[in-house]
Amino acid sequence: MAIKRNQNPHPKPEKKERLTNTKTNQDQDSLEESIRPHSFDEYIGQKDLKDVLSIVIEAAKTRNEPMDHLLLYGPPGLGKTTISLILASQMGVNCKITAAPALERPRDITGLLVNLKPGDILFIDEIHRLNRLTEELLYPAMEDYRLEITIGKGQAARTRSISLPKFTLVGATTKVGALTSPLRDRFGLIQRLKFYEPQELALIIQRTAKLLNTSITEEGSQEIGRRSRGTPRIANRLLRRVRDYIQVKKFDTITQELAAEALDIYQVDPQGLDWTDRLILDTMMTQFNGGPVGLEAVAAATGEDVKTIEEVYEPYLLQIGYLNRTPRGRVVTASAYQHLGKTGLS
Ligand code: ADP
């Protein structure tokens with residue numbers, strides 16, 4: 001007997017790489033490094049943040065002290081690691097980069113801390129994922145530049161205090177609310193990174209195109225900018241895919257038309273939504289009558305991971321006003337219905 005399947009109106013593209021994925025793999029890492037801005041002049045947008053940090057740097061330099069610990073939060077790919085590297089270069093110090101999942105055992109963090117030089121920056125990505133032991137080691141390290149380690153077990157256990165050089169911890173997180181308050185309180189400065197305006201993304205794309213020796217018109221960079229979900233990492237990734245496309249089609253300049261053509265093929269729509277965004281919205285409309293619905297139910301119905309929906313997809317859908325958060329769950333808005341060409345919002 002033939003099995004009739006539900007037709008998915010948003011077929012998954014065959015390519016494994018999701019264009020709007022904000023994570024990187026190793027190959028992309030080296031490319032990402034080559035296009036990373038090295039100074040605030042090259043770092044486009046985030047004016048308020050740059051203003052605040054410039055003052056903080058200036059003051060720290062005048063006092064000849066390291067900067068206060070800094071917590072940066074915002075969706076992935078907005079430039080948190082880049083900021084940390086720029087701060088280190090402005091302060092003339094090293095920046096060690098790590099991420100909470102790599103700090104499993106207490107010796108992982110102690111090893112990093114004891115090897116810091118005075119003034120160095122320690123950047124910890126996904127800092128809301130630190131385990132309790134590691135986090136507790138960080139408290140005295142952040143507050144008094146001391147490491148409290150316990151040697152031995154049971155009755156013979158003794159605590160030793162080791163002094164550390166003065167350093168700056170830069171923590172990055174996509175979920176500031178998930179940080180414990182003792183950790184959050186130890187940051188002297190807490191700053192949010194905002195999604196970028198399409199025009200800022202167009203400038204980022206023009207800069208990257210120059211570094212990649214790719215010719216692009218202003219309208220071409222704007223077209224890619226509009227579809228980049230407010231995120232520089234995505235903008236740079238889309239640019240590389242469009243560059244592949246024009247190379248294969250034997251054009252030498254990215255125009256608006258070619259950019260749109262290429263991104264349509266990759267199923268990145270004019271608002272920057274990919275098939276997962278559309279699947280999330282479509283599922284909420286068809287299976288949950290537009291909401292309110294909890295994220296767990298949406299995750300189960302779409303086969304996506306709750307964390308990925310919450311940290312990667314939802315922030316942009318909220319930003320562009322396609323989703324609303326209510327006390328009873330997420331709700332799809334009228335503009336989302338309009339965008340997907342659907343009716344049904346009562
Ligand atoms: P995050 O740490 O927030 O995930 P990154 O700092 O790794 O993001 O930035 C991702 C990529 O986006 C970097 O390779 C960098 O080239 C680019 N980028 C980020 N912010 C900017 C910016 N303001 N101007 C230009 N390029 C940027």
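Begin by selecting helix α8, residues 218-226, where G220, S221, E223, I224 and G225 are buried, buried meaning under 20% relative accessible area with a 1.4 Å probe and protein chains only. Helices here are DSSP runs of H or I of at least four residues and strands are runs of E of at least two, numbered from the N terminus. The model is a predicted one, in which local features need pLDDT of at least 70 and side-chain atom pairs count only at pLDDT 80 or more, while totals for chains, interfaces and linings use all residues. Residues are numbered from 1 along each chain as its sequence is written, and side-chain values use heavy atoms, with hydrogens and water left out.

Next, select the open sheet of 5 strands, whose order is β2-β3-β6-β1-β7 with parallel pairing; two strands pair if DSSP finds at least two bridges between them. At its edges are β2 (95-99) and β7 (189-192), each of which pairs on one side only. Neighbouring strands of this sheet are turned by 20° against each other on average, direction ignored. Within the sheet, β1 (residues 70-73) and β6 (residues 168-173) run parallel and are joined by 4 bridges, and L72 has A172 of β6 as its bridge partner.

Helix α2 (residues 47-63) lies across β1 and β7 and runs at about 155° to β7, whereas helix α3 (residues 80-91) lies across β1, β2, β3 (121-125) and β6 and runs at about 175° to β3. For these angles, axes are lines fitted to C-alpha atoms, for helices over the stretch in contact, and angles run from 0 to 180 degrees between N-to-C directions.

Then move to T110 in helix α4 (residues 106-114). T110 is buried, because its relative accessible area is 14%. To see its surroundings, show L137, L147 and I149, with which T110 is in contact when neighbours within four places in sequence are left aside.

Finish at α13 (306-319), which, like α2, supplies at least two residues of the lining of the second largest pocket. With 6 residues, α13 gives the most to that lining.

Key. Contact means heavy atoms within 4.5 Å. Buried means under 20% relative accessible area, exposed over 50%, partly exposed in between (1.4 Å probe, protein chains only).
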